[in-house]
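Please keep the sequence and the structure in view while reading.

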Amino acid sequence: MTKTRLLLSVALLCAGWGLGVAAATTATTVLDIAPGVGVIGAGGAGISLISSAETLYYNPAGLASLPGISFTSFFSSYLGEANYSALALTFRNFGFGALLLNSGSIQGYDDEGQPTELLGYSSSAYIFAFGVDPSDLPFLPDLGMPMAFGAQLKAITAKIGDVGGSGFTLDLGFRMGLPLTGFSAVSDVAIAATAVNLFGAMSYDDISDDLAMDLRVGASARIVDMITVAADLYLAGAARFGVSYSPVPTLALRLGVMSGSGTSFTAGLGVNVQGFLVDYAYVGHTLGGSHRVSLTLDFSALDIGAFGRSLRRFLP
């Protein structure tokens with residue numbers, strides 16, 4: 001069983017799809033693949049960003065800064081062998097999400113390294129998260145700085161062949177804005193940190209595997225109201241860096257780099273029309289690139305009146 005899981009880790013993660021950094025001695029789940037589309041197109045550096053419903057995937061503290069309701073879903077297929085999808089529904093201060101991974105037949109091996117039958121692999125994670133700005137709590141004094149704290153509970157399942165396992169884990173998050181004076185060209189400066197998989201494990205029929213614990217830090221800034229720069233550092237041994245350029249409010253062009261078990265360059269674009277966002281991301285790696293597409297409904301930015309007027313133009 002250990003040998004089988006290890007080789008599945010190599011097949012799914014070292015291929016570079018998500019550049020996961022889980023060690024071979026820890027459980028391999030859907031959480032080892034970087035989620036999202038908009039953030040992934042800009043290198044996956046999302047710890048300090050506020051990015052509609054995708055904020056849920058990267059830092060629960062960011063939920064305290066969301067302006068309203070947002071829903072996002074995405075899908076990605078890799079070499080026709082594995083499908084990865086997710087959805088998230090967020091409100092100001094809390095949100096729910098699900099990550100789903102399913103692969104086709106992968107060669108299994110026994111503990112002596114001999115090939116066995118072809119095995120299917122699936123994993124899912126169900127997320128509940130919340131974030132709180134202390135200034136919104138009337139019983140706390142004003143701390144003088146815009147900051148937020150958050151927590152995220154994740155229930156996880158995985159199945160390899162006929163063997164299934166389940167577990168749970170907890171993340172904590174922190175985010176703080178840094179007001180700058182005298183730098184009119186730079187705005188929305190923020191720093192953030194997350195503690196991932198603080199406790200919990202995956203339990204199978206005969207063994208229990210820990211989930212890889214990690215501490216991650218990030219920083220971001222917006223320059224001349226058109227360029228967003230973000231960088232994340234994972235103490236487990238990974239880094240993310242990305243740039244997003246928005247020449248007009250309805251369009252975002254993205255580039256980034258992700259490093260972990262390998263190095264991968266990413267690119268993407270996003271189109272925002274009255275709160276309807278379509279994002280595309282490309283992740284390149286040694287075995288060929290993968291593509292992701294998402295649809296996001298940002299109800300806080302949705303102009304219902306304008307949408308109705310546009311719709312009437314096409315109706316008799």
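## Contacts around L99

Two residues are in contact here when heavy atoms of each lie within 4.5 Å. In this predicted model, and leaving aside neighbours within four places in sequence, L99 is in contact with V30, L31, P35, Y57, Y84, S85, A86, S123, S124, A125 and I127.

## The largest nonpolar core

L99 is also one of the residues with the most contacts inside the largest nonpolar core, a set of 33 residues in which I40, Y57, Y84 and L101 are likewise named for their contacts. Two or more residues of this core come from each of α2 (38-41), α3 (55-58), β2 (82-91), β3 (94-109), β4 (115-132), β5 (147-160) and β15 (276-283), and β4 gives the most, with five residues.

## The chain as a whole

The chain has four helices and 16 strands, and 46% of its 316 residues count as buried. Among contacts with a separation of 6 or more, 53% are between residues 24 or more positions apart. The accessible surface of the chain comes to about 14,700 Å², and 65% of this area belongs to carbon and sulfur atoms.

## The largest pocket

The largest pocket holds about 1,000 Å³ of space. It is lined by 46 residues, of which I50, S51, S52, R222 and T228 are the closest to its centre.

By class, the lining of this pocket has 22 nonpolar, 17 polar and seven charged residues, and strand β12 (residues 238-248) gives the most to the lining, with five residues.

Notes
Residues are numbered from 1 along each chain as its sequence is written. This is a predicted model: local features need pLDDT of at least 70, side-chain atom pairs count only at pLDDT 80 or more; totals for chains, interfaces and linings use all residues. Side-chain values use heavy atoms; hydrogens and water are left out. A nonpolar core is a set of buried Ala, Val, Leu, Ile, Met, Phe, Trp, Tyr and Cys residues joined through side-chain atoms within 4.5 Å. Buried means under 20% relative accessible area, exposed over 50%, partly exposed in between (1.4 Å probe, protein chains only). Accessible areas come from the Shrake-Rupley method with a 1.4 Å probe; for residues, only the protein chains shown count as cover. On a 1 Å grid over the protein atoms alone, a cavity is a set of points where a 1.4 Å probe fits but cannot get out, and a pocket is an open set with protein on both sides within 12 Å along at least five of seven lines; lining residues have an atom within 4 Å of a point. Grid points are joined across faces, edges and corners, and a volume is the space filled by probe spheres set on the points. Ala, Val, Leu, Ile, Met, Phe, Trp, Tyr, Cys and Pro count as nonpolar, Asp, Glu, Lys and Arg as charged, and the others, Gly among them, as polar.
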